[in-house]
Amino acid sequence: MKMIDKYIAKENYKEALVEIEKILKNNSNDFQILTRLVLILIGLKNFSKAEENIITIENIYHKNPYLEFLRAKNFFEQNQFKLSVNVLENALDYFGTNISKQCLALYYELLTSSYRYLRENKKIIEVSQKASLLADDITIKANKYVNSLFYRNYEIDLGDEELFKLHIKYDDIFCNIEKFEHTHKNMSKKIRIAYLSADFKYHVVVFFVYNLLSQYNKNMFEVYCYFRGSADEITEDLKLKVDVWNDVKNMTDEEIAKKIYCDEIDILFDLAGHAGVSLPILARKPAPIQICGIGYFNTTGLKTVDYFLTDINCDPIGKNDDIFTEKLIRLPDSHFCYVPPDTMPNINYNNGNIVFGSFNNFNKINKDVLKIWLDIIKKVDNSKLILKSADLDNKYSEDKIIDMLNSVGFNKEQVEIRKASLNYLKEYNEIDIALDTWPYPGGGTTCEALYMGVPVITLVGERHGSR
């Protein structure tokens, strides 16, 4: 069975099928073996056979919470997300408290994924909160809570103070963990600055931190990087820019924190905040000075994080200090030092009717945004709107946006929906003016538009994340 589980974990489903068929010859009615067979069939995309086997197991063992999870997973892998949700919600009602914690965790994970495709942000928040309360492991508990926090940034009716209070509660998860102490400093060495990220690769964050990693004063500073992701060509380039590179993706939060502490890092800079999964490391205080910023736009809520990097535009002097647990470091211009990749296409301007566009994450678009966009388009004769997003990669997402467009009054001639593509940047040549989302505006998307010569219209809010 261990061999089969290893094959399943590595998604080597053909090898797993060969092994499990050998076992089935002598254990044709074993629940564990039969359910693993269903997982393998789902992995092989033999969905009809998987459902047949679920029914066979039901006939032997009757209705079972884990079988309902497998049925929902079978629908999910067929992109039938609504059916997946229906199965799980009905099972939660039917079995109630008779679902084990382990099985319930699987339910919440699959529900979160399904709601994400269905663009049900409020449901994601609800399920993530339940998953966080359920988890015993502190890292899992923290990550689930972060998931609920992140999706609250899409809510148009959530006040700054309320959002701040929700971030503060994140610190409660780590109230009982041991933190490193820093009693002395070796003044003879250079200042060691460490950057922690899973995005030292072809990722939008890299385009904002490339110069941080390559243009520092080597006489005064040593730069360490702790990388938690999968490497690519940009990773290999960055490795050559810094003094010490550490691949730590296979280490636990506790192990990484201990390594940072043993490396005698003076300043630790986490580049993701709640948009990543590394804050549990900072919660252990492995460095005497800890900073967050760039990848996320709200407070960490952690007492162990000392500073938050910003500027006078995102957080004007005298404003927003009370909605950060960190002290704000305000740069005099912008803290977004955008360095575009070498592959940026040439600019060719559109000479026809005015075309508006938005390439933002579809989750950032709500009915209030669409109403304003429609008002703008109505005031410009013969104009239209192009919507393009990586989130519009399945029928459910496309149907959802079409329904929203119809509900606020768009007609077919006014809007064009495009799916994701690798060479999407050249499509800015078809757009005259980019329209920003709110209350969650674009970051990297805005910089890409501006670099491609397309002005961006935005609605400025009060808190950092809406500016």
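**Salt bridges and strand pairing in a predicted model**

Reader: Which side chain meets that of Glu-430 in a salt bridge?

Author: A salt bridge here is a side-chain nitrogen of Lys or Arg within 4 Å of a carboxyl oxygen of Asp or Glu. By that rule, Glu-430 qualifies at 2.6 Å, N to O, and its partner is Arg-418.

Reader: Where do Glu-430 and Arg-418 lie?

Author: Glu-430 sits in the loop between β10 (415-419) and β11 (433-435), so its bridge ties together parts that are 12 residues apart in sequence. Helices (H or I, at least four residues) and strands (E, at least two) are DSSP runs, numbered from the N terminus. Arg-418 itself lies in strand β10.

Reader: Is Arg-418 buried or exposed?

Author: Buried means under 20% relative accessible area, exposed over 50%, and partly exposed in between (1.4 Å probe, protein chains only). Glu-430, at 35% relative accessibility, is partly exposed. Because Arg-418 has 14% relative accessibility, it counts as buried.

Reader: On what basis are these values given?

Author: Residues are numbered from 1 along each chain as its sequence is written, and side-chain values use heavy atoms, with hydrogens and water left out. This is a predicted model, in which local features need pLDDT of at least 70, totals for chains, interfaces and linings use all residues, and side-chain atom pairs count only at pLDDT 80 or more.

Reader: Which residues are linked with Glu-430 and Arg-418 in a network of salt bridges?

Author: The structure holds 28 salt bridges. The network that includes Glu-430 and Arg-418 also links Lys-384, Lys-388, Glu-416 and Glu-427.

Reader: In which helix do Glu-52 and Lys-49 lie?

Author: Their side chains meet in a salt bridge at 3.8 Å, N to O. Glu-52 is partly exposed at 44% relative accessible area, and Lys-49 is partly exposed at 39%. The two are three residues apart, about one turn of the helix, and both lie in helix α4 (residues 47-61).

Reader: How many residues apart are Glu-222 and Arg-192?

Author: Glu-222 forms a salt bridge with Arg-192, with the closest N and O atoms 2.8 Å apart. The pair links distant parts of the chain, Glu-222 being in strand β2 (residues 221-227) and Arg-192 in strand β1 (residues 191-197), and the separation is 30 residues.

Reader: Which residue in β5 stands opposite Ile-267?

Author: Two strands pair if DSSP finds at least two bridges between them. Four bridges join β1 to the parallel strand β4 (residues 267-270), and four join β4 to the parallel strand β5 (residues 289-292). Ala-194 stands opposite Leu-268 in β4, while the residue opposite Ile-267 is Ile-289.
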